[in-house]
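Take a look at the structure, then read on.

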Amino acid sequence: MINERDSQLRLGGYVKVLATNSIADVIRNRTTVKTGFIDKEVSQDLVLSLLEDAVWAPNHKNREPWRFIFVSGERKDAFIDAVLECQEPAKHASTRRKFEEVPAFLVTVMNADPRQKVWEEDFAATSCLLQNFQLLAWEKELGVCWKTPVHIHDPKFRSAIGVEPGEKIVGVLHIGYFDKEITARRKRERTNPAEKMTSF
C-alpha cells in the first residue's frame, strides 16, 4: 500500500522511495552554511555516497574532468597548516580556529585543459557536479559552504595537498552537520528572473 508521505517505484525488482519534497523545494530551501557546525563526524563513506549521485552532472563528451581530495579527522591539522603557510602570521590564530570548527573538507579538482572551449566546458560541468553535491548533502541534513579562497592558487598549498600542474581547484567544500536554528533565522531572497530577461 502506498502511504501519503512516500510513493514507491519498482524497477527491475528494486524499490526506490520517492521523497515528497520536490526538486524545487530542495533548491529553494538549501542555503550556504558557513558557521554553526556541530561536533559530529562526517565520514568519507557518506561523502562518497553523495558523490556517486552528484557525478551524474552533464559533462561534455563524458570527460568527467573532476577528482576529489577528502580531509577530516586527524588529517585536518596538516590541511590547516598548509593553509596557514599561505597567510601572514597575524591571521594564523583566527584562521585555525575557524577551520577547526569545520568537520570535513572536500577539495574538488578539475583538469585545466589549455583549450579555452574545453576548459569552459569542464569548469561548467564540475560546477554542476558541486551544486548536485550541495543539494544531495542538504537532503541528508548536511551543511556545505563552497569556498574559493585565494590560497587555492598558491603553489605551496597546491603542492601540500597533491594538486598537480595542469589542474585547477574549482572549490573547497566545508561540510558538516549544523545548528538548524541559525539557518532558520536567515532571510533569503532572489530577484524575479523576469527582471533579467529580454526577448530577441
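## Charged pairs and what they join

R63 and E121 meet through their side chains in a salt bridge, 2.7 Å from N to O. That pair links distant parts of the chain: R63 sits in the loop between α2 (44–54) and β3 (66–72), E121 in helix α5 (residues 116–139), and they are 58 residues apart. A salt bridge here is a side-chain nitrogen of Lys or Arg within 4 Å of a carboxyl oxygen of Asp or Glu. Helices (H or I, at least four residues) and strands (E, at least two) are DSSP runs, numbered from the N terminus.

Before going further, keep in mind that this is a predicted model, where local features need pLDDT of at least 70 and side-chain atom pairs count only at pLDDT 80 or more, while totals for chains, interfaces and linings use all residues. Residues are numbered from 1 along each chain as its sequence is written, and side-chain values use heavy atoms, with hydrogens and water left out.

The salt-bridge count comes to nine. R63 and E121 also belong to a network of salt bridges with K117 and D122. For burial, the cut-offs are under 20% relative accessible area for buried, over 50% for exposed, and partly exposed in between (1.4 Å probe, protein chains only). On that scale R63 is partly exposed at 28%, whereas E121 is buried at 11%.

Another pair is R67 with E167, whose closest N and O atoms are 2.8 Å apart. R67 is in strand β3 and E167 in strand β6, so this pair ties together parts that are 100 residues apart in sequence. R67 is partly exposed, with 27% relative accessibility, and E167 is buried at 14%. Then there's K187 with E189, at 3.4 Å between the closest N and O atoms. Here K187 is exposed at 71%, and E189 is exposed too, at 56%.

| Salt bridge | N to O distance |
|---|---|
| R63 and E121 | 2.7 Å |
| R67 and E167 | 2.8 Å |
| K187 and E189 | 3.4 Å |

How many of the residues of strand β6 are buried? Ten of the ten (residues 167–176) are, so β6 is largely enclosed by the rest of the structure. Strands count as paired if DSSP finds at least two bridges between them. Strand β4 (residues 104–111) runs antiparallel to β6 over eight bridges, with V109 opposite I169 of β6. Strand β5 (residues 143–147) is joined to β6 by five bridges, also antiparallel; there, W146 has L173 as its bridge partner.

## The whole chain

Stepping back, the chain holds seven helices and six strands, in the order β-β-α-α-β-α-α-β-α-β-α-β-α. Its C-alpha atoms fill a box of roughly 60 × 45 × 45 Å along the principal axes. Of its 200 residues, 36% count as buried.

One contact across the sequence is worth a look. Q87, in the loop between α3 (76–84) and α4 (92–100), is 64 residues from H151 in sequence but 8.1 Å from it in space, C-alpha to C-alpha. Q87 is partly exposed, with a relative accessible area of 25%.
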